[in-house]
Amino acid sequence: MAYEELKQRQSTMWGTGPYQRITETISDIHEFVVDRLAPRRDERWLDLACGTGAVAERAAARGAAVTGIDLAPELIRTAQERAAERDLEIDYRVGDCERLDVADESFDVISSTCGVMFAPDHAAAAQELARVTRRGGRIALASWTPTGGLARMFGVMAPFMATKPPSSPFAWGDEPHVRDLLGDWFDLDIAEHVSTLTVPSGEYYWELFSTSYGPTVTLAESLGDRREELHAAWVEFFESNYRSDGEIVHPRE
């Protein structure tokens, strides 16, 4: 599958289901990224692949002048509604992080929380990060690792996918790859952290993701009679690997 075809699908896929339910499962990461970047009043902040606005809202509430860009129009609509409800001035736009419609060095700060990593052309996304960050500016990216809990979850879905994606989003969680992408432009500080999700059961996890997480929703809906096969594999994976003290405890590196 070519990059452009995949992005066309992603623009719809990520807006499928109430994604806000999913973004609330990584609120610890949102807090970490914003705290690490330490917003300063009136500095220009871009949140890329902003989803429904979790990081953008936090940065705006702390005084930054925030722009949020996402490929999925439905997520941008939700983000705009949330900003209005919270009386936050955030400039939300639909856009492609591989081809940003903004001038060079437009932003003091760029963040992306488990977002830019899903852009299929890694080199193009990295080049745009460098182009639109001012000299001396700073970025913070949170990306799932290639061997961590989220990658293992995607491994459950992989046998059911009709086509293999043209690149792996989890490469953004591989230090040598990230240094190759960004090391010529940024002074990088790379560290590993763990975000742990605890839910009552594998069945609960399936309900959450099969109704609210775009990639899982889209895959499940495409499978017809095989949907129940994925359902069973999903529940078995979590029950067999992550049950602890009566709950599913899923570390996601």
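This is a predicted model: local features need pLDDT of at least 70, side-chain atom pairs count only at pLDDT 80 or more; totals for chains, interfaces and linings use all residues.

Guide: Numbering runs from 1 along each chain as its sequence is written, and side-chain values use heavy atoms, leaving out hydrogens and water.

Visitor: How do the axes of H7 and H11 cross?

Guide: Two packed helices are described by the angle and the distance between their axes. Here the axes of H7 (residues 149-157) and H11 (residues 227-242) come within 9 Å and cross at roughly 145 degrees. Axes are lines fitted to C-alpha atoms over the stretch in contact, with angles from 0 to 180 degrees between N-to-C directions. Helices are DSSP runs (H or I, at least four residues), strands likewise (E, at least two), numbered from the N terminus.

Visitor: Which residues of H7 make the contact?

Guide: Contact means heavy atoms within 4.5 Å. H7 brings Gly149, Arg152, Met153, Val156 and Met157, and Trp234 and Phe237 are among the residues from H11.

Visitor: Which residues are buried in H9?

Guide: Buried means under 20% relative accessible area (1.4 Å probe, protein chains only). In H9 (residues 202-212), the buried ones include Tyr205, Trp206 and Phe209. The buried residues of H9 pack against H7 and H11, among other elements.

Visitor: Where is Ser106?

Guide: Ser106 sits in the loop between strands S3 (90-94) and S4 (107-113). At 16% relative accessible area, Ser106 is buried, and it touches Arg44 and Val132, leaving aside residues up to four places away in sequence.

How values were computed. Buried means under 20% relative accessible area, exposed over 50%, partly exposed in between (1.4 Å probe, protein chains only).
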